[in-house]
Amino acid sequence: MDDEGAWSMQRSADGQNVSPLVSDADIGKLMLARRLPTAADAPVRQFPPEFAFDPASGAALQVPPDTSITPPWVPPYGAHPVSDVPPAGPSGLRQASVPLKLADQRAREEHAQADVSLPMPPPGEYEFFSAQFGTSAPALLALDPRKAVLHAWLPASKRWLALDPDYGSLLAESDLAHGAWRAELVPEFNSVLVLPTSHGLACIRPDVPSLTYVVEHVGGAPCAAAPVWFQNRLWAPLRDDDGRLRFVNLDAAQKPGSDVLLDGLFDLGNVSAPVAYNRMAVWPCANGQLRLQLQPDGNVAASFTPWPEGLVPHFEFGSPYVSRDGGLWQLCFERNRGTYVYVKLGAQSERADALAPRLCSGSFNYRFATKLKTAPWEEPEHGDDGGKNQAVMPLLESGVGNSVFGVKFATSAGLSSVLRSNERLAAQLVQDDELRETVFHTFAVSEPWRLRLFVHEGTLWAYHPLLSRIDGWALQA
């Protein structure tokens, strides 16, 4: 409090000085500051969020309009944050942990303007986190994993500003492909991001009021693939200088456990994002399955199983499919017979022949532009091939109302060739639920399926590095 009786935030909860680049209005929004009721043209006087009354006058303070803390958003698909309570289903699929349903769905139109928009962060390809980062309200962070830069959105100044390391090391870059990258988040007042990097598993604690972060890299070797929460620990495979693989693991407090070594030398080829369910975590790779398995004695064992002869996995069609019995199935192409097959991940390589590849988000798959919940190797009795010239790539699915958000695009050249193409395509954003398919946005870029959806402040946002802004649509509360 200054001599005039005005309050201002000086230090963050982490003990850092508040950055002079963060305005009082930004602090007010980020910290859910209380206000003294004033005339419309009078300067706003803010108070700490813990105060209910002005200590000088005893006047009751106004509470910000929305002080509810929304669940964190963990990219790329809104996974459950790290918790002692195991998730009900698999981890790592395109399944959001938060309910997703557009507000005013019936009134949405294909060419209508978005409800709101944000400016783009500096050039790059970003992933977005929404959580408490030394803030009372959720803050929005944009991370470019390949450049290892982190930006915070200042809600009153309406601009992105970079976070700098407070002391010690800089965040290391990640060379994982777009489709192989994922992160984990430990929710706290100063939430912790757990990221794959070229120097090991990074545990980074951003502090938005000071525009700083602290990072520690665990493992001392490049991550061969992304981390996943499995059996109450965070796991990631690292490749040492001698070419061998070992799994580092951390508990929820980021305390390392004993490494689990993989015997032998293996060329993984291109790696996909991990999935974990029940007693198994698996990283599907071009050359086989990298796997962790919980043993009867409670220990975790690592293994690598090459694909059967002639099988080539295809990761560009989306997530593995999760069957009703909890099995996870990866789409592959069997060269010997010239046909697509689905292979059950795990020790036993069960197979199911498929007439054509399906685009999959986990529980749902698309036969061209038709959403199905049946297994992707089962053909519908009355399949309508009239929609063959369009397809929907599911980007996110939500368990509430069996809702799927996806990108619809033309496939007149054939689905496989379109997914390999860099040509600019017209595309539509759709929400497909139990009642109807709603087209709510139209755009045109190359590789529109690289769109990242994320949720912040009750809004669904759509980001693509080739677009000029980040558009947003209100979600049903």
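Two strands pair if DSSP finds at least two bridges between them. Strands (E, at least two residues) are themselves DSSP runs, numbered from the N terminus. The model described here is predicted, so local features need pLDDT of at least 70 and side-chain atom pairs count only at pLDDT 80 or more, while totals for chains, interfaces and linings use all residues. Residues are numbered from 1 along each chain as its sequence is written, and side-chain values use heavy atoms, with hydrogens and water left out.

## The sheet E4-E5-E6-E7

Four strands form an open sheet in the order E4-E5-E6-E7, with antiparallel pairing. Its edge strands, which pair on one side only, are E4 and strand E7 (159–162). On average, neighbouring strands of this sheet are turned by 30 degrees against each other, direction ignored; the axes behind this angle are lines fitted to C-alpha atoms. Five bridges hold E4 and E5 in the antiparallel sense. Phe129 has Leu141 of E5 as its bridge partner.

The loop between strand E4 (127–131) and strand E5 (139–144) contains Thr135. Thr135 has a relative accessible area of 0% and is buried, where buried means under 20%, exposed over 50% and partly exposed in between (1.4 Å probe, protein chains only). Its side chain reaches the backbone oxygen of Ala137 at 2.6 Å. Leaving aside residues up to four places away in sequence, Thr135 touches Leu30, Met31, Phe189, Val208 and Pro209; contact means heavy atoms within 4.5 Å.

In strand E18 (residues 280–285), six of six residues are buried. Met280, Val282 and Pro284 are on one side and Ala281, Trp283 and Cys285 on the other, and both faces are covered. In a regular strand the side chains alternate between the two faces of the sheet.

E17 and E18 run antiparallel and are joined by three bridges. Val275 is bridged to Val282 in E18. The hairpin of E17 and E18 has two residues between the strands, and Asn278 takes a positive phi near 55 degrees there. E18 is also joined to strand E19 (residues 288–294) by six bridges, again antiparallel. Here Ala281 has Leu292 of E19 as its bridge partner. E18 and E19 form a hairpin with two residues between them.

## Aromatic pairs

Rings of Phe, Tyr and Trp (its six-membered ring) pair if their centres lie within 6.5 Å; planes under 30 degrees apart count as stacked, over 60 as edge-to-face and the rest as tilted. The count by this rule is 18 aromatic pairs. Two tilted pairs are listed below.

| Pair | Centre to centre | Angle between planes |
|---|---|---|
| Phe266 and Phe304 | 5.0 Å | 40 degrees |
| Tyr342 and Trp377 | 5.8 Å | 50 degrees |

Phe266 lies in the loop between strand E16 (260–261) and strand E17 (275–277) and Phe304 in strand E20 (residues 300–306), so their pair ties together parts that are 38 residues apart in sequence. Phe266 is partly exposed, at 26% relative accessibility, whereas Phe304 is buried at 12%.

Tyr342 lies in strand E24 (residues 339–344) and Trp377 in the loop between strand E28 (370–372) and strand E29 (390–398), so this pair ties together parts that are 35 residues apart in sequence. Tyr342 is buried at 2% relative accessibility, and Trp377 is partly exposed at 22%.

One aromatic cluster is formed by Tyr126, Phe128, Trp153, Trp160, Phe454, Trp461 and Tyr463.

## Two buried residues with polar contacts

Asp54 lies in the loop between strand E2 (46–47) and strand E3 (116–119) and is buried, at 4% relative accessibility. A polar atom of the Asp54 side chain lies 3.0 Å from the backbone nitrogen of Ala56. A polar contact is a pair of N or O atoms within 3.5 Å; within protein, one must be able to donate a hydrogen and the other to accept it, and residues adjacent in sequence count only if both atoms are side-chain atoms. Beyond residues up to four places away in sequence, Asp54 touches Leu36, Phe47, Ala59 and Leu61. The C-alpha atoms of Asp54 and Leu36 are separated by 7.3 Å, and the two residues are 18 residues apart along the chain.

Tyr366, in strand E27 (residues 365–367), is buried with a relative accessible area of 1%. Its side chain is joined to that of Asp432 by a polar contact of 3.2 Å. Among the residues that Tyr366 touches, not counting those up to four places away in sequence, are Arg358, Lys371, Val392 and Asp432.

Methods:
Axes are lines fitted to C-alpha atoms, for helices over the stretch in contact, and angles run from 0 to 180 degrees between N-to-C directions.
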